[in-house]
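Subject: Structure for your review

Dear colleague,

Please find below the structure that I am passing on to you. My notes on it follow directly after.

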Amino acid sequence: MDVNTRVRALEYLIDQKAVPGVVETVPTYRALLVYYDPLIVDYDALCAQLATLAEQATTTAMPPARELELPCCYDGELGPDLEAAAKRLTLSVDELVRLHAGAEYLVYFIGFTPGLPYMTGAPERLTIPRLDTPRVKVPAGSVAIGGIQCCIYSVDSPGGFWLLGRTPVRLYDPSAAEPILLRPGDRVRFRRIERREFDDIAARVAAGDFRPVIR
Amino acid sequence: MIGVVDPGPQTTVQDAGRAGQMRYGIPPSGPVDRASFVLANRLVGNHDGAAALEFTVMGPRLSVEAPCSIAVTGADVPLTVNDAPALAWTTLRLAAGDVVRVGAARAGVRGYVAFAGGIDVPPVLGSRATYLRGRMGGMHGRALARDDRLRLGAAPTPRRRVVPDAARPRWGGDIVLRVVLGPQTDRFTEAGVATFLDSTYEVLPQSDRMGARLNGPRIGHARGHDIISDGIALGAVQVPGDGQPIVLLVDRQSTGGYTKIATVCSFDVARVGQAKPGQRVRFAAVDIASAHRLLRDSNAALASVELQEIAS
């Protein structure tokens, strides 16, 4: 079992057992941050309990992952690094897009900005160092690769990944009843769309009339 | 209703904070100086976590549209009602037409204005706290603007009381922040850790609700300054490649990839959050057991503050 699966399994166990004193948990690649109230639970006792659960986590079965399909438009305007990334990886743009859109991604964790997924699952052929100079502003919805990871920027923010395309779906919508779309452990596939469909879905998203496919 | 005549540079609605959302990248928000926020609410008869205003450096000017009670705490500010001096750390009864003006902080950076009944904005994910970068909560996810109107919850008129002088925090001067070392102390050289604990740092003006940025002797890393991203606790002292510490506060990013040398104890977080640019900060390491003992003491001290009745 890989370390991130153990992290998420440990979080799941803590949640299931409603461990007293635990206030909140934040999973990342290879760590689980556990916020606790030291006035409710003793530090050493909690550590011992978490160590036991961490062992159990290696064999814990978690509920089945959700599967989401996100439309993504790969073109030079919405994915300004598409050509440069293809060149750097010695691939044609079309091969790059085919490889990226053909993979299934696993959301390791959400972080950096609200709702931003760090995902694994990109073909090894797409491993690429981060940009030398991070962009000051990356538009929300940008689908990007860096290192072995893929991420989707959730709000306009600085960013150091290569921008390959954009999804019209909102990953973070502070006015929605459920502001965050993705959760740790979700499985994500991209459906390649053309610019016309991107604009169409973007208009439906703005009107509150589009929901991505979730299984 | 309360009308906003002048919001001040950054005034937001805050409550006890948004729990359980950091795994989705949403920080807790809430007041930087929890004790002052709680005392403001107690002065107007609210529960400790009722929604109130947090202002920054300069307070707002507010017009009262119906009789209400308010209290101002936190940073040391001049305060007037209809241009006549009024008392901070005290329950104030106001009448329709009154204008309250909260001035510039003489010491401290953040102040609180609580209203009997609390500020009635719609909760988002269980909280009325404003998360500015995420445009979430509070007044439409933003700081107050001129001509905003704040609706208040219904509440009985509270007794008039005052926080005794001895129970009021003192801001300003050199401060010492108690820290627990870790989680990545091993990513610094021994000399780097010694620099951190033995030096004086100055608060930079770029500090905000996300983090207090400090400047001083460079803290040396042992094996680079990047880690595989992990979660960031309240008070975490992040040290990026430039060797300058940043103490992360209530609007912090939920995860990050810079080394964290230590964590400022929660009971000292308000002190760095209230420090003005140029104010000097030192760090003192404590072990976990001492930190928990000090936390108990600090909570007990806040719980035992006895508000004094004022004859009306």
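This is a predicted model: local features need pLDDT of at least 70, side-chain atom pairs count only at pLDDT 80 or more; totals for chains, interfaces and linings use all residues.

Residues are numbered from 1 along each chain as its sequence is written, and chains are lettered from A and ligands numbered from 1 in the order in which they are written.

Chain B places 26 residues in contact with 25 residues of chain A (C-beta atoms, placed from the backbone, within 7 Å). On the chain B side, strand S16 (226-231) and helix H4 (288-303) are the elements that give two or more residues; helices (H or I, at least four residues) and strands (E, at least two) are DSSP runs, numbered from the N terminus. H4(B) gives the most, with five residues.

Chain B also holds a closed barrel of seven strands, in the order S13-S20-S17-S18-S15-S14-S21, with mixed pairing; two strands pair if DSSP finds at least two bridges between them.

In chain A, Gln49(A) lies in helix H2 (residues 43-56). Gln49(A) counts as partly exposed because it has 18 C-beta neighbours inside 10 Å (20 or more would be buried, 12 or fewer exposed, with C-beta atoms placed from the backbone). Gln49(A) and Ile14(A) are 35 residues apart in sequence and 9.6 Å apart in space, C-alpha to C-alpha.

With kind regards

Terms used
Two residues are in contact if their C-beta atoms, placed from the backbone, lie within 7 Å.
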